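Open the model in your viewer and keep the sequence panel beside it. The stops below say what to select and what to look for there.

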Amino acid sequence: MKDARHGYGGRVLRVDLARGTHRVEPLDPELARDYIGGRGFVAKILYDEVPVGCDPLGPENPLLVAAGPLSGTFLPCASKAHLGAKSPATGGYGDANVGGHLAMEMKHAGYDLFIIAGRADRPCYLVVDDDQVAVRDASHLWGKGSLATESALKRELGEDFQVATIGPAGENLVRFACITHDFGRQAGRAGIATVMGAKRLKAIAVRGSRGFPLADPGAVIRVGKEMYRQLFALPGFRDWTPYGTAGVTDWVNRVGAFPTRNFQTGFFEAHRDIGGKALRDRILVLDKGCFGCPIPCGKYSRVTIGSDEVYVEGPEYETVAMIGGDCCLGRIEEVAYVNAVMDDLGLDTISGGNVVAFALECFDRGIITRSDTEGRDLRFGDLESVLWLTRKIARREGIGDLLAQGVKEAAARLGGGSERFAIHVKGLEVSGYEPRYAAAMALAYMTCDVGAHHNRAWAITYDVAVGRDRVEGKAHRVIELQHLRPLFDMLGVCRFPWVEVEFEPSRYADIFAPVTGQRRSWEELLELSERVWNLTRMFWVRHVPGFGRSWDQAPPRWYEEPALSGPTQGKHLSRDTLERLLDDYYALRGWDARGLPTPEKLEQLGLGFTVPDLERARGAGT
Amino acid sequence: MKRLTVTGEACSGCRVCQLLCALVHFHDNNVKKGAIAVHGLFPAPGRYRVEVCDQCGECARVCPEEAIGLEDGAWRIDAKRCSGCGACVDACPSGVMFTHSDLVAPIKCDACGECVPFCSRGVLELAEEGNR
């Protein structure tokens, strides 16, 4: 490969916040060839540059922002930026993904990757305006909500700057803080915003005017137009878009997989009042989309609670599930209001909803008492309880300080049996699918490389199709999805055209050549995605002593307690089933029974450089 | 005359119009060279304001070089005659004569209609009318 110019911004920006300095480097063509972009860049740079023993909140943990080769160009949904760091939520590999216009703008300024190191003396923000880069004082923004910060920076710098910011929760180092961009898109998971807070980096603002070169612009126009026309012709283009992700709420309840009452059950009676139709009929203002998106899932809404009118992008399905079902709020207006409050405070609504639900159950069971709550009662289904906990967490006051550590740590300190219903894997709270009677979905959560997150392998439809507690074929399906879905994050595009509208994913390989000048089949790209999956596994092996099978375990509730109600009432998977799923999964991946990749597998995937870390881990384990 | 029009308030802010415009006219993957403005009005009222050239011809009237002429139903800039003085940019009543540091001449919509079929929200249309 001659260069990494076509399809790429072509440059890497390194910023040292401690010194307030920066350096621009050419993008390494081998990095582009071997890891493509986005998530691939994040995985490789984190592996290479995070020192063993690094405190996720320490200055040596780099914050990465990466675009992909397809981000910002002419094809459906080319919006995605990938962020990463060693996760403060889990201590392992961490990444988060965001749409909007950030990746497009980075590449227009001529960058594929920001690597932000060090910690500033005082609150700061990073401004990148084509070749001009500056670290500026943010004392006037510190303490402000996400929306107010974005508005202020656009007023200060110009509306054509794209802004990614943290809220007070990130400043206060809540471990599930989120980054907000474009007035309502979030890089939500794994506490990447917490790393920003630890660096005292309030926001990143980017503007680019250079554009970036395409290998064959004429062919990009031709193939891009074909892709848009194909998407317009699919039935889902008209049917799915009006309700967005929240449209799936009815189906998830119908199959009894809707997290309800802190995952005590998979069915919420009031689900019709919080789903996509209620959203559209009662609170929608605008279908708001990301860059290049013809199927806008952003359901921009307005609600008034009491005398407070708020605007919020959402609620999308995950928020409906975790604030609606899991905390038992039964009106879309209430869910949207909490969504707005969490967004502005900069709290991930997935972990946020899960943590609040955990606290509500702790109160139910007398593990948290009135002495912890300033004398108030906390109840599922009570908006005031949810809001009180949310604000306490963001400000880290009283019981909120403990809950701000996430459910794993909070349960370890609260005790009283709360570990049995702390719904997390690897320290990351489970998202919006209740999989205690859905084997592939449970396995997907157990093996996801950032902790429990649905987006690497949304396997529940497969469970419903082939038999929910069946083991055969489940590991195979989960692995297939774990390569396919994260590939979109490497390319820098959204997976929704494929997931939601049944767009043929291999079309992205067709446009890869005219964009980058490199011909790559979809199968070759999937192999690179497998490489990245194994590399993120090796990040855990390198950084977490004793890492392996014991970290891939489900929350006990999934195998100890039957669902209380709904279509899965009385059902759950057995511990034995979950262990068999892991056996299958490791064998199919070419990993050993402890969940460690084998040296042969790593060599085969071009990851020979990680073998010394593997040998160290194996030696320590015997 | 041909002119691009904006109907309704359903723009979702995807900016495909800007990107395709730049690709078609400059073979440049650069939304900043598109001849359409998309302004986000957030957090409130939560809309995008789209501004397009209505081919009013004010730019041609003020151009000291007579570099803007009516051709194939739309006002077009002859980049070879343009001095980059910016008189048309200042005079444009809709604020849709755009400038870019790579280019001497401003960027102006020529009502080619390329963007129209790719506006998934149906906001953009091409109106063709007899000579007025």
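Select Gln18(B), which sits in helix H1 of chain B, residues 16-26. This is a predicted model. Is Gln18(B) buried or exposed? Its relative accessibility is 6%, so Gln18(B) counts as buried, the cut-off for that class being under 20%. Now show what surrounds the residue. Setting aside residues up to four places away in sequence, Gln18(B) touches Val31(B), Gly34(B), Ile36(B), Ala37(B) and Val38(B).

**Chain B, two cis bonds in a loop**

Move to the loop that runs between strand E2 (37-41) and strand E3 (47-51) of chain B, where Pro43(B) lies. Display the backbone from Phe42(B) to Pro43(B): the peptide bond there is cis, and omega is near 0°. Then step along to Pro45(B), which is also placed in the loop between E2 and E3 of chain B. The bond joining Ala44(B) and Pro45(B) is a cis peptide bond, with omega about 5°.

**Chain B, two positive phi angles**

Select Gln55(B), in the loop between E3 and helix H2 (58-62) of chain B. What is the phi of Gln55(B)? It is near 60°, a positive value in a residue other than glycine. Gln55(B) has a relative accessible area of 3% and is therefore buried.

Next select Glu66(B), in the loop between H2 and strand E4 (68-71) of chain B. Phi of Glu66(B) is near 50°, again a positive value in a residue other than glycine. Glu66(B) is exposed, because its relative accessible area is 60% and the exposed class begins over 50%.

**Chain A, helices H2 and H22**

Switch to chain A and colour helix H2 (residues 39-49) and helix H22 (residues 522-543). Their axes come within 10 Å and cross at roughly 30°, which means that H2(A) is roughly parallel to H22(A). The crossing of H2(A) past H22(A) is left-handed. Show side chains to see who makes the contact: H2(A) supplies Arg39(A), Gly40(A), Ala43(A), Lys44(A), Leu46(A) and Tyr47(A). From H22(A) come Val532(A), Trp533(A), Leu535(A), Thr536(A), Met538(A), Phe539(A) and Arg542(A). Sorted by class, the contact of H2(A) with H22(A) has 8 nonpolar, 2 polar and 3 charged residues.

**The nonpolar cores**

Which residues have the most contacts inside the largest nonpolar core? They are Phe114(A), Ile204(A) and Tyr508(A), in a core of 219 residues. H22(A) gives the largest share of this core, 10 residues. Another core, of 37 residues, lies apart from it; among its members are Phe183(A), Cys63(B), Cys88(B) and Leu124(B).

Centre the view on Tyr508(A). Residues up to four places away in sequence aside, its contacts include Leu70(A), Leu75(A), Pro76(A), Met227(A), Phe488(A) and Trp522(A).

Follow the chain past H22 to Phe547(A), in the loop between H22 and helix H23 (557-560) of chain A. With a relative accessible area of 8%, Phe547(A) is buried. Apart from neighbours within four places in sequence, Phe547(A) is in contact with Lys426(A), Arg537(A), Trp540(A), Val541(A) and Leu596(A). Draw a distance from the C-alpha atom of Phe547(A) to that of Arg618(A): the two are 71 residues apart along the chain and separated by 10.0 Å.

The last stop is helix H12 (residues 332-345) of chain A, where Ala340(A) is found. At 8% relative accessibility, Ala340(A) counts as buried. Beyond residues up to four places away in sequence, Ala340(A) touches Val310(A), Tyr311(A) and Val312(A).

In the contact, H12(A) uses Glu334(A), Tyr337(A), Val338(A), Val341(A), Met342(A) and Leu345(A). H14(A) uses Leu383(A), Val386(A), Leu387(A), Thr390(A), Arg391(A) and Ala394(A). By class, the residues of the contact of H12(A) with H14(A) divide into 9 nonpolar, 1 polar and 2 charged.

Terms used. Residues are numbered from 1 along each chain as its sequence is written. Chains are lettered from A and ligands numbered from 1 in the order in which they are written. This is a predicted model: local features need pLDDT of at least 70, side-chain atom pairs count only at pLDDT 80 or more; totals for chains, interfaces and linings use all residues. Side-chain values use heavy atoms; hydrogens and water are left out. Axes are lines fitted to C-alpha atoms, for helices over the stretch in contact, and angles run from 0 to 180 degrees between N-to-C directions. Helices (H or I, at least four residues) and strands (E, at least two) are DSSP runs, numbered from the N terminus. Angles under 35 degrees count as roughly parallel, over 145 as roughly antiparallel, 65 to 115 as roughly perpendicular and the rest as oblique. A crossing is left-handed if the near helix is turned anticlockwise from the far one by less than a right angle, and right-handed if clockwise. Contact means heavy atoms within 4.5 Å. Ala, Val, Leu, Ile, Met, Phe, Trp, Tyr, Cys and Pro count as nonpolar, Asp, Glu, Lys and Arg as charged, and the others, Gly among them, as polar. A nonpolar core is a set of buried Ala, Val, Leu, Ile, Met, Phe, Trp, Tyr and Cys residues joined through side-chain atoms within 4.5 Å. Buried means under 20% relative accessible area, exposed over 50%, partly exposed in between (1.4 Å probe, protein chains only).
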